[in-house]
Amino acid sequence: LRKNGTCVSAVHFGMLGPLVARGTRLATDYAEATKRRAKAAACEANNFDFMTWASSTRGGIGREAAAWFTTNFDAKMALASSDSERWRISGERKHFPQVHSAIVARRNSAIFD
C-alpha cells in the first residue's frame with residue numbers, strides 16, 4: 001500500500017483565500033484537483049487504486065477524503081452484528097479524526113524543527 005497525501009498549509013490557504021471567498025469551494029478542493037491531475041493517470045496505468053487525500057493545516061479534510069470516511073464507516077456500521085460491535089465502530093469513527101489531526105499537527109511542528 002502506497003500513501004501520498006497533500007496538506008494545504010496556511011501559506012497556500014492565504015494565496016487561495018480570494019478564490020475560496022468567491023465561491024463554495026474549499027482550499028482542499030484545489031489540492032485534490034491538483035493531486036488528481038498529477039497522479040491519477042499514472043496510478044490507473046499501473047492498476048493502482050487512487051484516492052486524493054487533501055487536508056488543511058487548519059484541521060479540515062477534503063471532500064473526497066470526507067466522502068471516503070463517511071461511506072466506509074457507514075458500511076462498517078451496517079455490517080455490525082451486535083451492539084458491542086456498533087459501539088466499537090462508533091468509537092473508532094470518533095477516534096479517526098483525532099488521530100488525523102494529531103498527524104497534521106505533528107507535521108506542522110516538524111516544519112519548524
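Trainee: What is the mean pLDDT of the protein, and what share of residues reach 70 or more?
Mentor: The mean pLDDT (the predictor's confidence in each residue, from 0 to 100) is 77, and 72% of the residues reach 70 or more. This is a predicted model, where local features need pLDDT of at least 70 and side-chain atom pairs count only at pLDDT 80 or more, while totals for chains, interfaces and linings use all residues. Residues are numbered from 1 along each chain as its sequence is written, and side-chain values use heavy atoms, with hydrogens and water left out.

Trainee: Which elements have the lowest and the highest mean pLDDT?
Mentor: Helix 1 (residues 10–21) has the lowest, 52, and helix 3 (residues 63–79) the highest, 89. Where pLDDT is low, the predicted coordinates should not be read in detail.

Trainee: In what order do the elements run?
Mentor: The order from the N terminus is β-α-α-β-α-α, with four helices and two strands in the protein. Helices (H or I, at least four residues) and strands (E, at least two) are DSSP runs, numbered from the N terminus.

Trainee: Turning to E32, where is it?
Mentor: E32 lies in helix 2 (residues 27–45).

Trainee: Is E32 buried or exposed?
Mentor: E32 is buried, that is, under 20% relative accessible area with a 1.4 Å probe, protein chains only. E32 has no salt bridge (a side-chain nitrogen of Lys or Arg within 4 Å of a carboxyl oxygen of Asp or Glu). The nearest side chain of opposite charge, R63, is 6.1 Å away.

Trainee: What does the side chain of E32 reach, then?
Mentor: The E32 side chain reaches the backbone nitrogen of E64 at 2.9 Å.

Conventions
Buried means under 20% relative accessible area, exposed over 50%, partly exposed in between (1.4 Å probe, protein chains only). Lys and Arg count as positive and Asp and Glu as negative; His and the chain ends are not counted. A polar contact is a pair of N or O atoms within 3.5 Å; within protein, one must be able to donate a hydrogen and the other to accept it, and residues adjacent in sequence count only if both atoms are side-chain atoms.
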